[in-house]
Amino acid sequence: MLCYDKSIDRTLLRKGAISLELISKKQLLAETGISYGQLYRWKRERLIPEGWFIKQSSYTGQETFFPKEQMLARVQAILEAKDRYSLEELAKILSPEAVDVPLAPRELWEWGELGPDLLAAAEAAAPPAGLSFDQAVLLAALWEGVQRLSLPPESAKDLVYQALALPPPLRCAEGGCTLFRCGGELTLAVTGGEQPPLFGPAVSVLDSRPMSELAGRIKMKYTARFESGPTDENRRK
């Protein structure tokens with residue numbers, strides 16, 4: 001279902017139970033200052049996933065839209081790093097491919113990827129060797145969902161324990177995280193793809209978000225940390 005906000009020309013796409021706000025190509029170029037040529041070069045170089053180029057009908061014919069929040073964050077990340085890395089290096093950094101560097105929960109907290117209320121639960125539930133990259137991405141997704149829903153601390157902590165109890169190998173960086181209630185219980189589902197799972201009427205979906213952009217954001221923001229290897233705190237754990 002498509003609907004239009006009267007205040008500005010933007011489109012909301014219903015994706016499962018969650019509204020995904022879209023931005024048109026014209027609006028994207030105007031808001032970010034990038035050119036048409038840059039946009040499609042970044043697509044060819046795999047800095048922007050092809051799946052983010054969404055064709056929709058409009059009053060002018062067919063128009064290209066993008067997931068607004070993800071796309072603006074990705075463009076900003078590219079602009080900030082393009083003078084430090086080649087496009088090939090950026091494509092590797094921004095890909096959701098896991099990196100083999102363990103992370104301590106406290107690092108995620110220091111980087112703003114985990115709330116202080118969840119730090120103790122994450123430290124208690126994390127493996128002795130530290131969090132895998134996929135676990136770190138999943139916790140970051142949970143933290144975003146917890147903030148959006150304003151969940152009480154105890155419910156949020158329980159989700160952390162559930163997330164870190166998922167059996168290996170966890171391959172969630174290219175998937176999605178969905179928070180839902182079933183029979184009054186708050187729980188989560190991790191899917192292999194970004195499309196949210198489909199539930200019956202007894203399930204109430206509260207939040208659903210893809211994790212590929214989170215994975216790219218973490219790799220972009222903390223490339224130096226990943227390249228340096230485990231910290232002393234990781235080695236002691």
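Asp-207 counts as buried, with a relative accessibility of 2% (buried means under 20% relative accessible area, exposed over 50% and partly exposed in between, with a 1.4 Å probe and protein chains only). The structure is a predicted model, in which local features need pLDDT of at least 70 and side-chain atom pairs count only at pLDDT 80 or more, while totals for chains, interfaces and linings use all residues. Residues are numbered from 1 along each chain as its sequence is written, and side-chain values use heavy atoms, leaving out hydrogens and water.

The chain holds eleven helices and eight strands; these are DSSP runs numbered from the N terminus, helices being H or I of at least four residues and strands E of at least two. Of its 237 residues, 46% are buried.

Asp-207 forms a salt bridge with Arg-148, their closest N and O atoms lying 3.4 Å apart (a salt bridge is a side-chain nitrogen of Lys or Arg within 4 Å of a carboxyl oxygen of Asp or Glu). This pair links distant parts of the chain, with Asp-207 in strand 8 and Arg-148 in helix 7, 59 residues apart. Arg-148 is partly exposed, at 48% relative accessible area. Salt bridges with shared partners join Glu-144, Arg-148, Asp-207 and Arg-209 into one network. Within it, the side chains of Glu-144 and Arg-209 meet at 2.9 Å, N to O. Arg-209 is buried, at 14%.

Another salt bridge brings together Arg-106 and Glu-123, at 3.4 Å from N to O. Arg-106 belongs to helix 5 and Glu-123 to helix 6, so the pair ties together parts 17 residues apart in sequence. In helix 6, the buried residues are Leu-118, Leu-119, Ala-121 and Ala-122.
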